[in-house]
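Here's a quick walk through one protein model, with the local geometry spelled out in running text. Have a look at the sequence and coordinates first.

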Amino acid sequence: MLTIRVNGREHQVEAPGDMPLLWVLRDLVGLKGTKFGCGIAQCGACTVHLDGRPLRSCVMPVGSVGKAEITTIEAIGETAVGQRVQQAWLALEVVQCGYCQSGQIMSAAALLARNPAPDDLAIDSAMSGNICRCGTYARIRAAIKEASSA
């Protein structure tokens with residue numbers, strides 16, 4: 001039995017320590033907002049925050065989480081930065097199919113939490129690990145800029 005802290009609440013889960021955090025969140029905790037994409041930490045669809053840092057939950061063993069706070073897309077709107085990012089996403093209609101967008105928002109929120117006014121280079125660097133098959137990159141960048149100026 002492992003105890004993990006997700007979105008401000010403790011959860012006791014029956015999982016082997018090497019089980020990817022993604023599957024613990026989706027299948028054992030019941031938070032379906034974090035998506036499975038590539039399974040090898042290349043697309044970013046599974047991005048969550050671990051103590052505020054973005055990480056790919058598809059390759060993170062739950063046994064390595066320890067006492068760190070996990071934040072998922074379900075709770076990112078509870079932070080001021082996350083709320084601004086979500087509002088900018090809606091205002092600029094960033095989403096097309098939407099599949100990658102939870103990971104995109106998590107990476108954008110982590111960027112703005114550590115760099116409130118990123119330039120294009122900082123945005124491109126922070127978002128380079130998140131792939132959007134619909135090609136919404138221009139709107140993602142615009143939304144990050146809008147969230148940074150809000």
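How many bridges join strand β1 (residues 2-6) to strand β2 (residues 9-13)? Five of them do, and the two strands run antiparallel. Before going further, some housekeeping: this is a predicted model, where local features need pLDDT of at least 70 and side-chain atom pairs count only at pLDDT 80 or more, while totals for chains, interfaces and linings use all residues. Residues are numbered from 1 along each chain as its sequence is written, and side-chain values use heavy atoms, with hydrogens and water left out.

Helices (H or I, at least four residues) and strands (E, at least two) are DSSP runs, numbered from the N terminus. Two strands count as paired if DSSP finds at least two bridges between them.

**Positive phi elsewhere**

Most residues other than glycine have a negative phi. Two more residues are worth a look with that in mind. A41 isn't a glycine, yet its phi is positive, at about 60°. You'll find A41 in the loop between α1 (21-29) and β3 (47-50). E93 also isn't a glycine and has a positive phi, near 50°. E93 is in the loop between α2 (80-91) and α3.

For accessibility, buried means under 20% relative accessible area, exposed over 50%, and partly exposed in between (1.4 Å probe, protein chains only). A41 comes out as partly exposed, at 25% relative accessibility, whereas E93 is exposed at 61%. As a distance check on E93, its C-alpha atom is separated by 13 Å from that of I105, which is 12 residues apart from E93 along the chain.

**One aromatic pair**

Rings of Phe, Tyr and Trp (its six-membered ring) pair if their centres lie within 6.5 Å; planes under 30 degrees apart count as stacked, over 60 as edge-to-face and the rest as tilted. A search of the whole structure turns up one such pair. W23 and F36 form it, in a tilted arrangement with 5.3 Å centre to centre and 35° between the planes. W23 lies in helix α1 and F36 in the loop between α1 and β3, so the pair ties together parts that are 13 residues apart in sequence. W23 is partly exposed, with a relative accessible area of 26%, and F36 is partly exposed too, at 33%.

**Salt bridges**

A salt bridge here is a side-chain nitrogen of Lys or Arg within 4 Å of a carboxyl oxygen of Asp or Glu. By this rule the count comes to five. Here are some of them:

| Salt bridge | N to O distance |
|---|---|
| E69 and R5 | 2.9 Å |
| K32 and D27 | 3.9 Å |
| R141 and D124 | 2.6 Å |

The bridge between E69 and R5 links distant parts of the chain: E69 sits in strand β5 (residues 69-71) and R5 in strand β1, 64 residues apart. R5 is partly exposed, at 34% relative accessibility. For the K32 and D27 bridge, K32 is partly exposed at 43% and D27 is partly exposed at 48%.

Then there's R141 with D124. This pair also links distant parts of the chain, with R141 in helix α5 and D124 in helix α4, 17 residues apart. R141 counts as partly exposed at 27%, and D124 as partly exposed at 37%. Both belong to a network of salt bridges that links D120, D124, R141 and K145.

Which residues of helix α4 (residues 120-127) are buried? They are I123, A126 and M127. These three cover an arc of only 85° around the axis, which puts them on the same side of α4; the arc is that of the directions from the helix axis to the C-beta atoms. The face turned away from that buried side carries the exposed residues L121 and S125.

What covers the buried residues of α4? The cover includes α3 (101-114) and α5 (137-149), where contact means heavy atoms within 4.5 Å.
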